Amino acid sequence: MDIDLLAPDVFSGYRYLDQLAELRTRPGLTRHPEPHGPGFWVASRYDDVLAVLGDPATFSSRAGIRLGGSGEAADLVADRMMVVSDPPRHGRIRRVVGAPFTPAALRLWHDRIVAGVTDLVDEVVGADGGGPADGSLVRDAVGDLAERLPNQVICAMMDLPRADWPLIGRLTTDGLDSPDPIDRLDANAEIFGYFADLIDRRRARPGDDLISALLAAGGDLTDDELILNCSGVLTGASETVRYSAAGALLVFGDRPDLWSELRASPELLPTTVEEILRWTSPGLHALRTVTRPVTVSGTELLPGERVTAWICSANRDPAVFADPDVFRPDRTPNRHLAFGWGPHVCVGSRVARLELTALLTALVRRVRTIAPAGEPVWSTGNFIHGLTRLPVRLSPA
Amino acid sequence: MDTTAVAEIWQEVLGVPVKDDDDFFALGGQSLAAMEVVAAVRRRLGITVRVRVLLEHPVLADFTERLAAAGAAPGRP
């Protein structure tokens, strides 16, 4: 099998998983060529992914964390942005960025998040779209629901004016996904300016919102660093959960039996959410740069070499997950790595789980059946990945 | 449009003194700095300009002229 983890068409669908399955059978790490670079190593097995992500002293984040990112861009934010930093600096940033996401802080938010998600589902399912006579509704599970879910939660947590929510959603997606790097820069410049204003306002008049909590925890972060990390939180929140939510609707559309089962047995919800996270794994890979000679799975790595840890592949590793390519709502244990591993493990994982739980709870109540209503469309990136369009027919309960 | 206000923004972002015929990149400007300049121009001068404009017109006087045009355009804040 030809392996190309840089080819966009490999990622429009599930073919990347076939390639990674093949790589898992090869000994050691696999060397992957690059058209305009020295190439990189691929870690595809669960244990190898753990070895890379769990050892930040050997595998640094400071030179960038994704394939296709520019080393220059990473340099500019190294040790300033949480995701592009190493210990001990990473820990100091994380204490600030993580302040709004502790269990105690989130208790404050729990009811508001659930109410917001429930309202969203009510709106999507309840709105009269002039649908067919049988009462079913055709919706784009991504545009109408999945991408609005995290956008609405994070904007509410930041207490942004409701009129700004669509703009923030668009800018966040453009800032990460626009094919033209200058368009990405423009979107990020706009986000940067937006947060600069917001931070000034919240400093003058603190509230019980996420930005105020971050400022209160401020530590030794400069204003620029606060802004960069606010923008990082926005990206991490918005560009991930949407793909897990959309992937869940695809699963239930293809497997009506699973949807009926979940509606009949809501106690399956917690394990179902974990299985959705394992199954969709929107963060496909994380890149690290080797700082000292090290051997992983028998492969010797040299300082300066880059290693990609394929989280989505670890989550399909048959050595850890029985029948990894089967969606099992009751899978236990389910030690998936969808949130990463090690010091950089997702700071917002609790919110993500809460959003998905609230979404399914509301859908179970409102929607009797979910059926495919057109061809799904996939994003083609190899970093954060999932459905960008998913027409579904929903029959209200 | 006077270059003074724009020069102040460049100086703050780049950390060096700036003259009218200085080039943004020659002064050490890069993508993040360009982003910061554009954000500051929007906030302080009320002019919305794309990063592309700075990248394509990296000389202070030239960039300022572009801003003046953008700022005077109808419908802009």
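Is A:R15 buried, partly exposed or exposed, and what is its relative accessibility? A:R15 counts as partly exposed, because its relative accessibility is 43%; buried means under 20% relative accessible area, exposed over 50%, and partly exposed in between, with a 1.4 Å probe and protein chains only. A:D9 is partly exposed too, with a relative accessible area of 44%. These two residues form a salt bridge, and their closest N and O atoms are 2.7 Å apart. The term stands for a side-chain nitrogen of Lys or Arg within 4 Å of a carboxyl oxygen of Asp or Glu.

Before going on, a word on how to read the model. It is a predicted model, in which local features need pLDDT of at least 70 and side-chain atom pairs count only at pLDDT 80 or more, while totals for chains, interfaces and linings use all residues. Residues are numbered from 1 along each chain as its sequence is written, chains are lettered from A and ligands numbered from 1 in the order in which they are written, and side-chain values use heavy atoms, with hydrogens and water left out.

Over all chains, the structure holds 32 salt bridges. Another of them links A:R353 and A:E274, with 2.7 Å between the closest N and O atoms. A:R353 lies in helix α16 (residues 349-366) of chain A and A:E274 in helix α14 (residues 269-280) of chain A, so this pair ties together parts that are 79 residues apart in sequence. Helices here are DSSP runs (H or I, at least four residues), as strands are (E, at least two), numbered from the N terminus. A:R353 is partly exposed at 30% relative accessible area, whereas A:E274 counts as buried at 17%. Salt bridges that share partners also join A:R80, A:R89, A:R92, A:D220, A:D224 and A:E225 into one network.

Now turn to the interior. In soluble globular proteins, nonpolar side chains tend to be buried together. A nonpolar core is a set of buried Ala, Val, Leu, Ile, Met, Phe, Trp, Tyr and Cys residues joined through side-chain atoms within 4.5 Å. The largest one has 117 residues, and among those with the most contacts inside it are A:M158, A:F195, B:W10 and B:F63. Helix α12 (residues 223-254) of chain A gives the largest share of this core, 15 residues. A second, separate core of 19 residues includes A:L53, A:V294, A:V307 and A:A314.

Finally, see where the two chains meet. In contact (heavy atoms within 4.5 Å) are 19 residues of chain A and 14 residues of chain B. Together the chains bury about 1,500 Å², 62% of it on carbon and sulfur atoms; buried area is the accessible area (1.4 Å probe) that two parts lose on being put together, summed over both. In chain A, A:L76, A:L185 and A:D186 lose the most area to chain B, together 33% of what that side buries.

Six salt bridges are counted between chain A and chain B. B:R43 forms a salt bridge with A:D197, at 2.6 Å between the closest N and O atoms. On the side of chain A that touches chain B, α10(A) gives the most, with 12 residues. A:D180 and B:R52 also meet in a salt bridge, 3.0 Å from N to O. That pair crosses from the loop between α9 (165-177) and α10 (181-204) of chain A to helix α3 (residues 51-56) of chain B.
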